[in-house]
Amino acid sequence: MGIPAWIWFIIAAVAAVAGLALLTVDRAKESSRNRERARWAELRGWQYVEEDDRLPQQWAGGAIGYFGASSAVNVVAGSTFTSDGRRPVFVFDIEADGMIPAVLVAVRCNRLHPVLLELWLASVPFQRAEMPELLGPVGQRYAFADDVTAARSLITQELVDAADALGGDVGVAWLENEWVLASVAPNVGPSRLERLLRDLGEIADIVDPFDEEYGGQLEAEPELTTEERARQQGF
């Protein structure tokens, strides 16, 4: 004797209700994250936008390439002080296949890095289709670069120590174009992002030290409003 049709109907109804409940919880979490990020930006006097499809296209390495990021959501743009001056920053969630796998923090330097350098935690399954060349273990991380010779001259003990200090929740930190970037778990709050911004600012100071050649640019930066700075970065 088969199972009566009404039992299958009840099972389907329960599954539908459970699915709707999970969807409601996910949307509530997303809304909470949006509000938290927007409040944080407002407190810092930074710019906030809900979504920017163009922003992830500035980079191809690190977490951007690993997750195949298609869009940036909950985007915060502003600037922060480091020991070598004020630097523009971005904080945003990356979206891939309808999911948010990580939060990215980016700090801008004043010059282009000569090499794409990725520093991955050994515990992360970091392999992807188009991976830069393996350089080897560097402190607590594995280094990959698109130019091994240039990367060796860039990696100093100071940089290794600063990368090790980022924390075990930072799967990858990398240098690309004129940016220092890192990815962290998607559920982190503003206090963790503040610390990561400071840590990346220290790395930016290491790879892009202040000197007379770039002094004028650093001094001019504070005169820009947050809105002007955000437009300058593509908003």
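A contact, as the word is used here, means that heavy atoms of two residues lie within 4.5 Å. By that criterion, residues 24 or more positions apart account for 64% of the contacts in the chain with a separation of 6 or more.

The structure is a predicted model, in which local features need pLDDT of at least 70 and side-chain atom pairs count only at pLDDT 80 or more, while totals for chains, interfaces and linings use all residues. Residues are numbered from 1 along each chain as its sequence is written, and side-chain values use heavy atoms, with hydrogens and water left out.

## Overall make-up

The chain contains 7 helices and 9 strands, where helices (H or I, at least four residues) and strands (E, at least two) are DSSP runs numbered from the N terminus. Of the 235 residues in the chain, 47% are buried; buried means under 20% relative accessible area, exposed means over 50%, and partly exposed lies in between (1.4 Å probe, protein chains only). The chain exposes about 12200 Å², and carbon and sulfur atoms supply 54% of that area, as calculated by the Shrake-Rupley method with a 1.4 Å probe, with only the protein chains shown counting as cover for residues.

## The sheet

Strands of a sheet pair through backbone hydrogen bonds, either parallel or antiparallel. In this model, 9 strands form an open sheet in the order 1-2-3-4-9-8-5-7-6, and the pairing is antiparallel; two strands are said to pair if DSSP finds at least two bridges between them. Strand 1 (47-52) and strand 6 (133-138) are the edge strands, each pairing on one side only, and the twist from one strand to the next averages 20°.

Strand 5 (residues 117-121) pairs with strand 7 (residues 141-145) in the antiparallel sense over 5 bridges, and Leu121 has Arg141 in strand 7 as its bridge partner. Strand 7 is also joined to strand 6 by 5 bridges, again antiparallel, with Pro137 bridged to Tyr142 of strand 7. Strand 6 and strand 7 form a hairpin with 2 residues between them, and Gly139 in the turn has a positive phi of about 65°.

Helix 5 (residues 190-207) lies across strand 2 (71-82), strand 3 (85-96), strand 4 (99-108), strand 8 (170-176) and strand 9 (179-184), and runs at about 45° to strand 4. Such angles run from 0 to 180 degrees between N-to-C directions, with axes taken as lines fitted to C-alpha atoms, for helices over the stretch in contact.

## Nonpolar cores and aromatic rings

A nonpolar core is a set of buried Ala, Val, Leu, Ile, Met, Phe, Trp, Tyr and Cys residues joined through side-chain atoms within 4.5 Å. The largest core has 41 residues, of which Leu117 and Leu200 touch the most other members, and helix 5 gives the most to this core, with 7 residues. Beyond its neighbours within four places in sequence, Leu200 is in contact with several residues, including Val105, Leu166 and Val180. A second, separate core of 25 residues includes Ala106, Leu121, Phe126 and Trp174.

The structure also holds 6 aromatic pairs. Rings of Phe, Tyr and Trp (its six-membered ring) pair if their centres lie within 6.5 Å, and planes under 30 degrees apart count as stacked, over 60 as edge-to-face and the rest as tilted. The rings of Tyr66 and Trp120 have centres 5.3 Å apart and planes at 55°, so this pair is tilted. Tyr66 belongs to helix 2 (residues 62-67) and Trp120 to strand 5, 54 residues apart, so the pair links distant parts of the chain. Trp59, Phe90, Phe92 and Trp179 form one aromatic cluster.

## Asparagines and accessibility

Most residues other than glycine have a negative phi. Leaving out residues up to four places away in sequence, Asn74 touches Asn34, Arg37 and Tyr48, among others. The C-alpha atoms of Asn74 and Arg37 are separated by 6.6 Å, although these residues are 37 apart along the chain. Asn34 itself is found in helix 1 (residues 5-44).

The table gathers the relative accessibility of residues discussed above.

| Residue | Relative accessibility | Class |
|---|---|---|
| Tyr66 | 25% | partly exposed |
| Trp120 | 2% | buried |
| Asn74 | 2% | buried |
| Asn34 | 22% | partly exposed |
| Asn177 | 35% | partly exposed |
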